[in-house]
Each structure stands twice: as C-alpha cells, then as structure tokens.
Amino acid sequence: PHASAWTLELDLIVKSGARIPVEILANPVEHDGDKYISVCVRDLRERRAAEEANRQSELRYRLIIDSSLDAVITTETSGRILQWSLQAERIFGIPAERAIGEQIASLIFPDMPNTAHVAAASRLTVPGTDVAGKSRFEVTVIRGDGTQLPAEMSISSFVDSGVPMQT
C-alpha cells in the first residue's frame, strides 16, 4: 500500500519570537526505487489576513443590513429568498430560517400570486446582463400571522458572480 499525502497547519516560532502561521504539505515520493518525502512549507500570513478582512467585511455588511429600518430581502430572479434581514423578521413576523429558500410571492403574497411585485420584478431582470433596474411601488403584504400590511416596496436588480438577483 502507498502512503498518502498529508497537510498540517501550525505556527512556527522564529528566532525573534514571532509566530508565523504555515501550512506544511508532505507527500511520499518514490524515485528509482528509493522512497522520499517531499515537503512544502507555505507562509499563511497573507491568506489569513485576507480571510480576516473578508470576515470583517461580511460583519460590516451584516450590521448595515440588520440595522436598517427597512426589511431587506434578496431573492433570485425566480423569487426564491436568499437573504432575510432582522427587520424583515420583525415586519413580517417570519423568522429567517423559515423564509430563506421559500418563494417570496407565496410567503408574503400568498393569496395574490400576480401582484405588482411579481410583475415589477420580471420587468427589472435582464438575464445575462449586469444592467441594474429599479422600481418602487405600493403593495399590500401578508404577515406571518395572516394580517395584511400596506407597504412601499422597492426592488433593485443586480448581477452577482453572473447570477441575476433582486433586493
């Protein structure tokens, strides 16, 4: 049986006492009947800094969305909910865990499948382009408890990583 490669992440302590995060990759190699281990040590400081910057950016984004006074809902162009903010939970009385993955029309327009939202959303999206459309209109939505709520809705269309979406 052949030995398999392995990877290990750890901190190296250099002469100055500084800790350097590294990834060690080891791979058994056989050459002309002799067995060796090929080892590669990779400095992870840049990757870790980029990961931390990404975490901070995501945290800032989440704080902005969740501190908004308006509900912020992101959907695919099909209407499937991808993001449901804290204010959306408060306004509609529906937790994000229940909303994400559902169709927006059936969740907040259950008795009105051909609402202004659906019509406006379909006009905004131009598949395969990065043209952003915008629309604002008044609608009546249904909260999680079944009560009706008049609302002003605005929809912006955008493309993220080639995927058309709406907020």
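Modeller: This is a predicted model, in which local features need pLDDT of at least 70, side-chain atom pairs count only at pLDDT 80 or more, and totals for chains, interfaces and linings use all residues. Residues are numbered from 1 along each chain as its sequence is written, and side-chain values use heavy atoms, with hydrogens and water left out.

Colleague: Which residue in strand 2 is the bridge partner of Asp11?

Modeller: Strands here are DSSP runs of E with at least two residues, helices are runs of H or I with at least four, and both are numbered from the N terminus. Two strands pair if DSSP finds at least two bridges between them. Strand 1 and strand 2 (residues 19-31) are antiparallel, with eight bridges. The partner of Asp11 in strand 2 is Pro21.

Colleague: Which are the edge strands of the sheet?

Modeller: The sheet is open, with three antiparallel strands in the order 1-2-3. Two of them pair on one side only, and these edge strands are strand 1 (6-13) and strand 3 (34-43).

Colleague: What angle does the direction of helix 1 make with that of strand 2?

Modeller: Axes are lines fitted to C-alpha atoms, for helices over the stretch in contact, and angles run from 0 to 180 degrees between N-to-C directions. Contact means heavy atoms within 4.5 Å. Helix 1 (residues 45-67) packs on the sheet and touches strand 1, strand 2 and strand 3; its angle with strand 2 is about 125 degrees.

Colleague: Which residue in the turn between strand 4 and strand 5 has a positive phi?

Modeller: Strand 4 (residues 73-76) and strand 5 (residues 81-84) run antiparallel, joined by three bridges. Thr74 has Gln83 as its bridge partner in strand 5. The two strands form a hairpin with four residues between them, and the residue with a positive phi, of about 100 degrees, is Gly79.

Colleague: What is the volume of the largest pocket?

Modeller: On a 1 Å grid over the protein atoms alone, a pocket is an open set of points where a 1.4 Å probe fits, with protein on both sides within 12 Å along at least five of seven lines; lining residues have an atom within 4 Å of a point. The lining has 21 residues, with Asp70, Ala71, Glu152, Met153 and Ser154 nearest the centre, and strand 7 gives the most, seven residues. Grid points are joined across faces, edges and corners, and a volume is the space filled by probe spheres set on the points. For the largest pocket that comes to about 490 Å³.
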